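Biologist: I am new to this structure. Please take me through the terms and how they apply here.

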Amino acid sequence: MRPVMVLNARKCIGCRACVAACSVENGVMFAAAQPAQRGWPVDVHLRTWVSWREKEGRESEDLARQFTPALCQHCEDAPCVNVCPTGASFHSEEGVVLVDKEKCIGCSYCIVACPYGMRYRPEPAKDRRARNEPLVREAQQGAAYGGVMFAPAVSNEWAATPDAVDKCTFCYHRNTGEGLWQPACVEVCPTEARLFGDLDDPNDPVAEKVRTGKARPARADQGTKGRVYYEV
Amino acid sequence: MEGIVFNRVWGMPIAVEMTLLSVASFAAVWAFYFWSKGAPRAALAGGLVATLLPIGSLGILALDLLKPFSGFLVFPVVNPSVNLGSWMVWGGLAIGGFIAASASFTFLLRAALSDRPVKAGLIRGAGLVAATLGVFLAVYPGQLMAAERGIAFWHSAAVPIIALLMGAVGGTAVYALFQRPVGTWLSAATVSLIVVYLLHLSSSGTGPRVAAVSAAVTTQHWGFVAGTVLALTATILGLVTRRQSPRWIGPVAGVAAMAAVFTLRLALLEAGAWEVATPLY
């Protein structure tokens, strides 16, 4: 099995349900009151993000805003895996790039090496402070943390921890070994702007988009053979 | 500058850590040189610097890690799954060996100066190992930066050369501080550093868009401006350092040179950027 994700920016409406689902699923601290227009996992400190910009000089029937979902590309030739000194970053047998939280020392070399800016360094002090509080509901309390915090509903082996570099895992904890699973972001996307498939399955419609060239890598020039494609 | 994200991951602590390593690296080279020229007290001072600064450097690095006490996982003896393809592993091993060699050199030299019987071959061996690892450790921070592919401004063959010259400047500055006759070498090293640094900025300016942006940002960074002024000051003072010169010139040149290494490195780190745009749209 070779999991692949296909993103369709034209279908994305920027609701960021994917971001919220990912945060809850994987225990990523998420300040909902700080929505950045632009940003990438490396600077918004989330596993996935949707940035947007106004379209200019387009025909009126075109969308007014264009959204760009971003997450780890799960590269086959992953620069992050190549530079990790402790072997904490590795490929699963399906080719998903994961971080062994025990082995990660937090040197951040992988963050620097990622050409896509898809890894981030947690802020341990801020994170611990937030985790020691119950889910912040009152606006006044929430403001002290910069917004409403989402704590993890259920922890998992690959969930975010404050003492290790974090990134998307394609929700690898949902892999039961019995066929393809669905990442949380894909599951909640209301417009099917995120699709998940198996490149090894000849009948998989998502993989077909890749095989026919309807979906392309974000930065083919990097030559890292990522497993996240953008539909054009 | 849409799609360009500046490095905020490796900042001030890493600049300090790398600078300490730079200063220590060529201090060991000079220490070995002075020992071979029959100046054991000067060599002892350099050996001490080459022992203590890397320890301080490791301390700062550990504090910057997300797991401060797990840094030992870069050593193959402790962690069988260590990635030998990562420069950080070789850097960790080299720093460990460098501290051991510099400490041995210093200890043996101290014993010899106290009229204890110490074989010269042992001192020579320890000094030679420290000096060799010192040259490697001068290059290492630059190689670490150049080997990754995320930040185009760093992914350049010029960066390890800049690091090597920073080591030469830093280590020579130690002996300028100690008022040893290294003025000409200090001037040569600082002026070479400025020239290669400027060449790197120039070539980056014609490279990928993100590297050009980084180069432009560097020229406006306070660290670059201050570093260039300090390096030029060290160059001039190094040239006028003579036996008859006032005694303050050497130490001032040394401090200026070390400060230049730090600020120029900080500018290099903070101006590094990723281009994370998805040009499909």
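Modeller: Start with a definition: a salt bridge is a side-chain nitrogen of Lys or Arg within 4 Å of a carboxyl oxygen of Asp or Glu. By that rule, one salt bridge crosses the interface of chain A and chain B. This is a predicted model, where local features need pLDDT of at least 70, side-chain atom pairs count only at pLDDT 80 or more, and totals for chains, interfaces and linings use all residues. Residues are numbered from 1 along each chain as its sequence is written, chains are lettered from A and ligands numbered from 1 in the order in which they are written, and side-chain values use heavy atoms, with hydrogens and water left out.

Biologist: Why is the pair B:R149 and A:D77 called a salt bridge?

Modeller: The N to O distance between their side chains is 3.9 Å. The limit is 4 Å, so the pair counts.

Biologist: What makes A:E231 and A:K209 a salt bridge?

Modeller: Their closest N and O atoms are 2.9 Å apart. Over all chains, the search finds 12 salt bridges.

Biologist: How do you know which residues are in the contact between chain A and chain B?

Modeller: Contact means heavy atoms within 4.5 Å. The contact takes 51 residues from chain A and 37 residues from chain B. A:I105, A:Y109 and A:V112 supply 21% of the area that chain A buries against chain B, more than any other three residues.

Biologist: What does the buried area between chain A and chain B amount to?

Modeller: About 3500 Å², with carbon and sulfur atoms giving 60%. Buried area is the accessible area (1.4 Å probe) that two parts lose on being put together, summed over both. The value therefore covers both chains.

Biologist: Which residues count as polar contacts, and how many pairs are there between chain A and chain B?

Modeller: The count is 22 residue pairs, both at pLDDT 80 or more. A polar contact is a pair of N or O atoms within 3.5 Å; within protein, one must be able to donate a hydrogen and the other to accept it, and residues adjacent in sequence count only if both atoms are side-chain atoms.
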